[in-house]
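This report goes through one structure, shown below.

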Amino acid sequence: MNESGVEPGSFRDPAAQVFYSGGRVFRGLDDTASADWTALSATSFFPALLAEGKAVGTRSIELTDLPDGSPGTFAAVLEHDRIPFVSYPYEWSFEMLRDAALLHLEILAAALGEDVTMKDGYAFNVQWVGRRPVFIDIGSFEPLRSGGPWIGYRQFCQTFLYPLLLEAHLGIPFQRYLLGHLDGLEPTEMRRIFSGRKRFKKGVFRHVFLHSVAESRVTEGATALKDEMGKAGFGKELTLATVKKLHALIAKLRSQRSESGWKRYRETCSYSDADRAAKDAFIRAAVEDLNPALSWDLGCNDGAYARMIAGYGGSVVAVDSDDVTVDALYRSLRADGPDNILPLVMNLVDPSPARGWRNEERRAFTGRARPDLVLALALVHHLAIAANVPLAQVVSWFRSLDATLIVEFVERHDPMAARLLGNKPTGMFDDYRIDAFEQLLGEQFSITGREQLPGGSRTMYVAVPRS
Amino acid sequence: MRVVAYLDGNSGSMIAGAIAAGFAGIAVVTKMYWRRFLGLFSSKVRDQGEAAPEDAA
């Protein structure tokens, strides 16, 4: 998407503002942030982070090189590499959030070693380039100016640690909690959730229970308290100790659901039947000349087709509603690649909405980028039968994505569709027929490819949006 | 005015963050409150404590 203007989510830190101009991403800095950037550039850890791809590609540019019409007046401006597709922590799987948390702590530890700290500890400051987590909030770094504990500790707990504890200790998926609370879970909420003996689970007593008790009893000004603690001897070594303890805790956290999903994934991943071969060939033929820069695989399941599309070089966003399935896909990508697939957890019947201040701070899923290619394989029957979305609306939603569509229609007599229909009253989905689907598709797309798979119950289409 | 941090750290979280550092962090918190306690009885310590926020500004 070739947007211009100030990033709606970039307003909390008055010292640095992200904006877009001419399809490029910039960060305008005030005097303080500019001095911080100069200090950061002189460190040895920051260039190493850039070289390893752990921080977003960043360079200083001359103010005179800014494209015309760029907003604001700044002391200095940085340019960042574009993130292929922006995602949010409430769309990540357990292992993704865990890896993002560990990256954040590794970066903070490296920074503290050179007397630099981070202003916050926010999960939204990590993005993904394919399967790799990347720290993006370069404005977060500042030289250590006083003693006292890390000011981002609370935010780190709320948006990283607490969601991970929910899943690891209680098997509760955290995504819906983070979607509902962009600032994360409060210590007092967590204390109620981890009541009784649950408070003695690993990491809970120290980071949840004592945190909540301290929050309810200590009410004086935080800035003066931080300074006073610095004077009492709380220096960077103790902050480093906090970071190391958090890192050790999070590195050991595991999700039982994730572990069993990963075991299942490795046992059941199979690509062998005849339908699969024909489907593979159909998709390859359709994508061969397309060279999509951004593809969405909606309802990606084990990610087999996302992998196939990734082979053509662009970025692929692989979406599924089952967080355990997405977690297994992420683990397989982390182990073997490829690097250009971003797996996300999302229910397509209830996709991520616009959230935050003015409903603009975090964008809706479909408002972040326009894909070149959409795969909807074995998805339509789930939307139309399991979720009761009228077939006409399914097709018009596909059209709204404004991309070349490869879609699979699963007929009523297919065992998977029959199973879903078996849960519904007889006659409720009489209009779920291939002729009705084909007519609806033809009204909004030019159908440039069609093939029934050998099993006789599934038909593939390539459809190009009508202008 | 120099903006040092835009985030409200929350005073309770400051204490919790110190405790999270382990025994050494707990020792610092104890020392801070001990100094405050002594400050109740000593005008010298109390004066130092009152001067601390100004020193930081």
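## Model and chain B

The model is predicted. Chain B has 57 residues, and 30% of them count as buried. Its secondary structure consists of three helices and zero strands; read from the N terminus, the order of elements is α-α-α.

## Contact between chains A and B

Chain A puts 44 residues into the contact and chain B puts in 30 residues. On the side of chain B that touches chain A, each of the helices α1 (11–19), α2 (23–39) and α3 (43–56) supplies at least two residues. The largest share comes from α1(B), with nine residues.

What is the make-up by class of the side of chain B that touches chain A? This side has 18 nonpolar residues, together with eight polar and four charged ones.

## A hairpin in chain A

In chain A, strand β7 (residues 126–129) runs antiparallel to strand β8 (residues 132–135), and four bridges join the two. One residue pair can be named: A:Val126 has A:Phe135 in β8(A) as its bridge partner.

The hairpin of β7(A) and β8(A) has two residues between the strands.

Conventions:
Residues numbered from 1 in each chain as written. Chains lettered and ligands numbered in written order. Predicted model: local features only at pLDDT ≥ 70, side-chain atom pairs only at ≥ 80, totals over all residues. Buried ≥ 20, exposed ≤ 12 C-beta atoms within 10 Å, placed from the backbone. Contact = placed C-beta atoms within 7 Å. Nonpolar A, V, L, I, M, F, W, Y, C, P; charged D, E, K, R; others polar. Pairing = 2+ DSSP bridges.
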